[in-house]
Amino acid sequence: MRAFDLLTHAGRARDILAVLGRHGFAEWLAQLDLPSGFLQKLLPHPQSNLTTEERIRLAAEDLGPAFVKLGQFMSMRPDVLPQRFILELRKLQSSVQPLPYETMKPVLVAALKGDPADIFADFDETAVAAASLAQVYSARLRSDGRRVAVKVRKPDIRHTMEIDLDFAQWLAEQLHHRSEVLRPYNLPAVVAEARRGMLAELDFRHEARNQEYFNVLNPHPEQVFAPVICADFSSETVLVMDFIEGEHVGASTAAPEVRREIAARGARSLVRQVLVDGF
């Protein structure tokens with residue numbers, strides 16, 4: 001992993017530092033090894049009744065996709081962070097306002113190597129879901145009429161993510177060496193692990209292989225399954241798979257006995273994945 005060049009990316013670095021200062025972290029930032037005058041005129045000292053963990057969550061939301069994803073990753077590490085931080089970071093959501101289809105279409109055309117109309121009999125240009133890294137559309141294959149979900153990576157997101165994650169790594173290392181309070185959490189190791197996972201997530205081929213491998217190993221497809229991948233039309237930036245109708249498990253209005261059975265199926269599948277399949 002390359003070291004973050006603070007001066008090369010001074011504009012973005014100043015933006016990040018300004019957001020952190022606005023959310024009340026000027027005292028932490030003052031400990032950093034920054035060029036002379038780098039923090040001046042950037043760091044107000046707001047009076048806030050919010051907790052530290054609330055301010056961290058709000059700052060992550062302001063800083064954009066890389067920091068939101070980083071916060072979400074940290075929320076799954078109770079072995080690293082205190083419970084109060086875990087609970088607050090779990091409130092981070094990836095849902096965002098979708099980009100216009102015309103902005104996303106060049107990514108789709110490049111990945112499919114041609115006009116989407118040659119592959120899809122119909123394609124709804126209104127995204128059914130939008131997150132920090134990608135948007136999902138509903139379409140129907142021309143070949144067999146099957147309804148599919150088309151996940152398209154946002155343009156230039158990799159470059160943006162790499163810059164922000166490099167800065168996050170630099171910041172974690174600075175704080176680790178200069179803050180006795182934060183040192184026990186070993187933030188550089190945590191950020192490095194998150195960075196690897198997040199950059200891998202940008203390559204949809206990993207997701208496709210994982211779904212296919214899960215379905216091969218899965219002994220109970222009538223209970224738990226991953227959507228079937230359309231490999232011929234999937235790539236690093238576009239993922240085409242069966243469209244599955246459903247609802248968020250936390251929003252289910254099913255009867256209690258049905259919800260208990262769903263939870264039991266999920267638990268059995270998870271135990272098998274971890275203890276039997278090792279995947």
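## The largest pocket

Helix H8 gives the largest share of the lining of the largest pocket: five residues. This is a predicted model. The space in the largest pocket comes to about 1,000 Å³. Its lining counts 34 residues. Nearest the centre lie Ala129, Ala131, Val136, Lys151 and Glu207. Helices H4 (65–74), H8 (187–201) and H9 (204–217) each give two or more residues to this lining, and so do strands E2 (129–130), E3 (134–141) and E4.

What is the make-up of the lining by class? The residues divide into 17 nonpolar, eight polar and nine charged.

## The second largest pocket

The second largest pocket has a volume of about 750 Å³. Its lining holds 33 residues. Trp28, Ile56, Met74, Leu175 and Leu187 lie nearest the centre of this pocket. The elements that give two or more residues here are H1 (10–22), H2 (26–29), H3 (52–63), H4, H5 (83–89), H7 (157–178) and H8. By class, the lining has 25 nonpolar, four polar and four charged residues.

## The overall fold

The protein has 10 helices and five strands. Its C-alpha atoms fill a box of roughly 65 × 45 × 35 Å along the principal axes. Of the 279 residues, 43% are buried.

## A covered strand

Is strand E5 (residues 238–242) mostly covered or mostly open? E5 is mostly covered, with five of its five residues buried. E5 pairs with strand E4 (residues 147–153). The two strands are antiparallel, and five bridges join them. Within this pairing, Val238 in E5 has Val152 opposite.

## Charges over rings

Lys151 lies in the lining of the largest pocket, among the residues nearest its centre. The charged end of Lys151 also sits over the ring of Phe204, 4.8 Å from the ring centre.

Arg55 makes a contact of this kind with Phe25. The charged end of Arg55 is over that ring, 4.8 Å from its centre.

## Aromatic pairs

A pair of aromatic rings is described by two values: the distance of the centres and the angle of the planes. How many aromatic pairs are there in this protein? The count comes to seven.

Take Phe167 and Trp170. Their ring centres are 5.5 Å apart and their planes meet at 45 degrees, so the pair is tilted. Both residues lie in helix H7, three residues apart, which is about one turn of the helix.

Tyr213 and Phe279 form an edge-to-face pair. Here the distance is 4.7 Å centre to centre, with 80 degrees between the planes. Tyr213 lies in helix H9 and Phe279 in the segment after helix H10 (256–277), so the pair ties together parts that are 66 residues apart in sequence. Tyr213 is partly exposed, with a relative accessible area of 42%. Phe279 is partly exposed as well, at 37%.

Aromatic residues also gather in a group. Tyr101, Phe120, Phe123 and Tyr137 form one aromatic cluster.

Most residues other than glycine have a negative phi. Which way does phi go at Lys113, positive or negative? Phi of Lys113 is positive, near 60 degrees. Lys113 is in the loop between helix H6 (101–112) and strand E1 (120–123). Lys113 counts as exposed because its relative accessibility is 75%, and exposed means over 50%.

Asp156 also has a positive phi, near 65 degrees. Where is Asp156 found? Its place is in the loop between E4 and H7. Asp156 counts as exposed because its relative accessibility is 64%.

Terms used:
Residues are numbered from 1 along each chain as its sequence is written. This is a predicted model: local features need pLDDT of at least 70, side-chain atom pairs count only at pLDDT 80 or more; totals for chains, interfaces and linings use all residues. Side-chain values use heavy atoms; hydrogens and water are left out. Buried means under 20% relative accessible area, exposed over 50%, partly exposed in between (1.4 Å probe, protein chains only). Helices (H or I, at least four residues) and strands (E, at least two) are DSSP runs, numbered from the N terminus. Two strands pair if DSSP finds at least two bridges between them. On a 1 Å grid over the protein atoms alone, a cavity is a set of points where a 1.4 Å probe fits but cannot get out, and a pocket is an open set with protein on both sides within 12 Å along at least five of seven lines; lining residues have an atom within 4 Å of a point. Grid points are joined across faces, edges and corners, and a volume is the space filled by probe spheres set on the points. Ala, Val, Leu, Ile, Met, Phe, Trp, Tyr, Cys and Pro count as nonpolar, Asp, Glu, Lys and Arg as charged, and the others, Gly among them, as polar. Rings of Phe, Tyr and Trp (its six-membered ring) pair if their centres lie within 6.5 Å; planes under 30 degrees apart count as stacked, over 60 as edge-to-face and the rest as tilted. A charge sits over a ring if NZ of Lys or CZ of Arg is within 6 Å of the ring centre and within 35 degrees of the ring normal.
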